[in-house]
Each structure stands twice: as C-alpha cells, then as structure tokens.
Amino acid sequence: MDKNEILSVIEGMLFLSGDEGLTVKQISSILKLSKKEATQYLDELIQIENDRVIKGFELVNFGGVYKLATLSQHHEYYQRMIEQNENTLSNAALETLAIIAYNQPVTRVRIEEIRGVGCDAMIRKLAAKALIKEVGREDTPGKPILYGVTDEFMDAFSLTSLDELPELKEMKEDFDQEDIFNTKYTEE
C-alpha cells in the first residue's frame with residue numbers, strides 16, 4: 001500500500017470509529033505498522049486536514065485517542081440542526097418504538113422478528129433519545145437485553161400509563177392455510 005492509500009484508510013477508519021475514535025495502537029495493529037509509523041501517518045493526516053480550505057471537521061487527538069470532530073466555530077449551526085431533528089422520528093424508529101411499547105420487555109431479536117429487518121441502529125437512536133432503556137436480561141442462553149420504554153417516552157406521547165395506548169387490531173389471513181395449495185394455485 002502506498003502512503004496516500006494508507007492515509008485514506010486511516011481517515012476511513014476514523015470516520016467509522018465515530019465518537020469512540022482510535023488509538024495509535026489500534027491503527028498500527030490493523031494496518032500492521034509500527035506505532036512510530038502510525039503516529040507519523042496520523043501527524044501527516046492532521047496536517048493535511050489543517051491545510052484544507054473547505055472543511056467541516058478536523059482530526060483531533062484527545063488523550064491518545066484520535067477522532068474526527070466538527071469544527072467548534074460551526075457549533076451554532078450543528079446545534080440548530082440537532083434541535084430541528086430532535087423532535088422527529090422516522091417511520092422505522094416509530095415502528096420500533098411501537099413494538100417495544102406494546103411488547104415490553106422485549107429483546108432485539110423479537111423486535112427484528114416482528115419488523116422483519118435489523119434494528120440495531122433504531123434501538124441505539126431511541127436509546128440516545130432516552131425513549132427506551134435496558135430493563136433487564138432475558139433468562140435464556142446468551143442473556144439478551146430486554147428493552148422497555150422510559151418516562152421520557154410517556155411524557156413525549158402524553159401518556160400516564162401504557163394502558164392508554166390504542167388497541168391493536170388483530171390481523172387475519174385472507175385464506176385458510178390448509179387450503180392454500182388446493183384452491184389458490186390450481187391449474188385450469
């Protein structure tokens with residue numbers, strides 16, 4: 001790998017690591033570099049980022065952990081964006097929240113079975129907004145986390161108890177399961 005590719009890989013790794021960031025040890029281990037080489041690449045990447053004219057983030061080193069951070073001079077715009085998005089939930093987030101509210105305590109696997117898609121990101125988003133929380137562990141192999149709604153959920157939806165949630169309608173099949181192959185798909 002040439003120098004530019006290594007710098008690109010490091011930048012991508014830092015982006016993927018998010019708020020957690022990466023240490024020199026982690027970067028050197030992943031890229032099979034010495035700590036000295038990894039530090040030199042990080043220093044060069046910091047210089048490249050500092051030299052950029054148009055940028056929305058910077059590469060910082062906080063206590064030996066390197067991460068990408070937004071520029072402090074743009075704080076007011078980021079704050080407005082967060083406030084604007086704070087009160088809205090996507091349909092996927094609302095679906096996940098409804099499943100948790102109606103089935104709590106419920107595991108991530110059960111939520112995914114009901115939704116039919118993965119929901120790790122939605123669970124993290126709802127937990128970050130303090131609408132759901134970990135309420136225990138299921139007594140099955142692996143001890144999966146059980147999720148339930150929070151008081152913030154109750155406040156956000158103006159509920160005094162979960163009994164105030166609307167009734168769910170029973171879903172009925174349009175056909176008899178035993179009859180599916182006998183009449184629905186016969187040749188004429």
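I looked up the largest nonpolar core first: it has 19 residues, and Leu97, Ile100, Ile111, Ile132 and Phe153 touch the most other members. Core here means buried Ala, Val, Leu, Ile, Met, Phe, Trp, Tyr and Cys residues joined through side-chain atoms within 4.5 Å, with buried meaning under 20% relative accessible area (1.4 Å probe, protein chains only). Helix 5, helix 7 (120-128), strand 6 (145-149) and helix 8 (151-156) each give two or more residues to this core. Helix 5 gives the largest share, 5 residues. Helices are DSSP runs of H or I, at least four residues, and strands are E runs of at least two, numbered from the N terminus.

The model is predicted: local features need pLDDT of at least 70, side-chain atom pairs count only at pLDDT 80 or more, and totals for chains, interfaces and linings use all residues. Numbering runs from 1 along each chain as its sequence is written, and side-chain values use heavy atoms, leaving out hydrogens and water.

Next I checked Ile111. Leaving out residues up to four places away in sequence, Ile111 touches Thr96, Ile99, Ile100, Val106, Cys119 and Ile123 (contact is heavy atoms within 4.5 Å).

Then the helix pair. Which residues of helix 5 meet helix 6? I noted Ala92, Glu95, Thr96, Ile99, Ile100 and Asn103, against Ile111, Ile114 and Arg115 in helix 6. The residues of this contact divide into 5 nonpolar, 2 polar and 2 charged.

Notes
Nonpolar A, V, L, I, M, F, W, Y, C, P; charged D, E, K, R; others polar. Buried < 20%, exposed > 50% of the residue type's maximum accessible area, 1.4 Å probe, protein only.
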